[in-house]
Amino acid sequence: MAPTKEQILDRLAAVAAPDGRKLTDAGVLSDIVVGDGKVFFSLSVDAAAVKAWEPVRKQAEEAVRAVPGVTSAMIALTAERAGGGQGARPAPAPAAGGARPHGHAPAGPSGVPGVKHIIAVASGKGGVGKSTTAINLALGLRDVGLKVGVLDADIYGPSLPKLLAIREKPQTIGGTRLKPIERYGLTVMSIGFLIEEETPMIWRGPMVMSALTQMLREVAWGEIDVMVVDMPPGTGDAQLTMAQQVPLAGAIIVSTPQDLALIDARRGIAMFQRVNVPILGVVENMSYFLCPSCGARSDIFGHGGARHEAERLKVPFLGEVPLDMSIRETSDSGLPIVATQPDSAHAKIYRSIAENVRNALAGPGAARAAPNIVIEA
Ligand SMILES: Nc1ncnc2c1ncn2[C@@H]1O[C@H](COP(=O)(O)OP(=O)(O)O)[C@@H](O)[C@H]1O
Ligand SMILES: [Mg+2]
């Protein structure tokens with residue numbers, strides 16, 4: 001028997017909000033999506049009250065799972081009603097001065113079982129091609145013989161559903177853990193698989209943390225050599241969460257050649273260094289443009305900026321990817337170029353970047369930093 005919304009609401013009425021009211025009377029429930037035994041919804045709460053709500057979220061999840069016919073339940077805390085404006089955003093953890101003695105602390109972050117390395121693909125700002133780089137790099141790592149997972153850590157604007165044209169919802173295993181989705185030999189997970197694209201949701205500090213933690217800990221990742229994490233832009237809560245939750249084997253910074261993007265890239269590099277995450281290297285995206293009709297090359301954003309910056313900051317340079325229509329088209333239509341045009345010049349470029357990354361992971365620095373690599377752009 002498929003569970004109904006009424007059955008779910010019935011159970012939720014037995015869960016108490018922090019102020020003692022019935023959860024169903026607290027005015028925090030989003031629309032409840034029930035499909036095929038899977039239940040998804042969110043609790044929109046005040047950013048300031050998140051701590052008090054987390055146990056309620058858990059109880060609600062357990063209550064929903066107990067409904068006959070429910071195979072999985074995913075309940076997220078969001079701060080839609082954040083009390084207005086910027087002021088409501090919880091301050092990120094103090095990063096200056098090395099908030100987290102990463103890699104050396106006795107009570108450091110524990111790895112994800114089965115996952116050898118976690119790498120973050122990051123960029124200082126959005127739109128530089130971080131997600132496109134992350135997915136093609138992941139495919140390149142697959143091509144050099146590694147078992148690769150991809151975690152979309154962009155809670156605000158998940159990219160994986162589009163990058164891989166994934167519409168299906170993840171199945172659950174035993175009602176508690178989510179089974180990631182397989183595509184092109186990659187094991188992938190994104191919050192975008194769980195929520196509708198139109199859902200207006202503003203995820204803030206602690207909510208980002210709980211969503212990310214769930215995707216790391218409550219997903220059956222299986223045996224994975226490298227987990228590539230597509231990070232949201234910037235140096236905010238998601239970055240700190242990742243750095244605190246899992247031992248990152250390193251970060252890859254994606255930048256365009258322009259000065260402006262480089263300033264952001266520098267900020268990203270500095271942030272990872274502050275939390276002792278090794279920088280595996282810099283990728284220059286949209287590095288140059290080859291005219292498809294005349295073959296002439298133009299350096300639209302000024303070529304080489306990222307390479308010079310990497311040299312200046314003494315971090316490895318991993319490679320340059322041209323600005324090309326076929327990269328944009330394949331990326332935006334869910335047919336990543338390394339998977340669908342493996343013999344193209346562009347696929348070769350991504351594979352060579354992947355080889356550089358694999359070698360960096362095998363290097364002495366990464367070996368010391370151990371179990372996880374996070375790639376953030
Ligand atoms: N090398 C490239 N050549 C052409 N288009 C690209 C390239 N890299 C990314 N794009 C396009 O630029 C846009 C932003 O890329 P995306 O990977 O989503 O960036 P980010 O994750 O940094 O926001 C997308 O439309 C993508 O297809
Ligand atoms: Mg992106």
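Val254 is buried, having a relative accessible area of 1%, where buried means under 20% relative accessible area, exposed over 50% and partly exposed in between, with a 1.4 Å probe and protein chains only. Val254 belongs to strand S11 (residues 250-255), strands being DSSP runs of E of at least two residues and helices runs of H or I of at least four, numbered from the N terminus. Although Val254 and Glu284 are 30 residues apart in sequence, their C-alpha atoms are 6.1 Å apart in space.

This is a predicted model, in which local features need pLDDT of at least 70 and side-chain atom pairs count only at pLDDT 80 or more, while totals for chains, interfaces and linings use all residues. Residues are numbered from 1 along each chain as its sequence is written, chains are lettered from A and ligands numbered from 1 in the order in which they are written, and side-chain values use heavy atoms, leaving out hydrogens and water.

Asn285, in strand S12 (residues 279-290), is likewise buried, at a relative accessible area of 5%. Its contacts (heavy atoms within 4.5 Å), not counting residues up to four places away in sequence, include Val254, Ser255 and Val128, and the Asn285 side chain reaches the backbone oxygen of Val128 at 2.7 Å.

The largest nonpolar core has 86 residues, and Phe272 and Val357 have the most contacts inside it; such a core is a set of buried Ala, Val, Leu, Ile, Met, Phe, Trp, Tyr and Cys residues joined through side-chain atoms within 4.5 Å. Helix H11 (residues 345-362) gives the most to this core, with 7 residues.

Definitions and conventions: A polar contact is a pair of N or O atoms within 3.5 Å; within protein, one must be able to donate a hydrogen and the other to accept it, and residues adjacent in sequence count only if both atoms are side-chain atoms.
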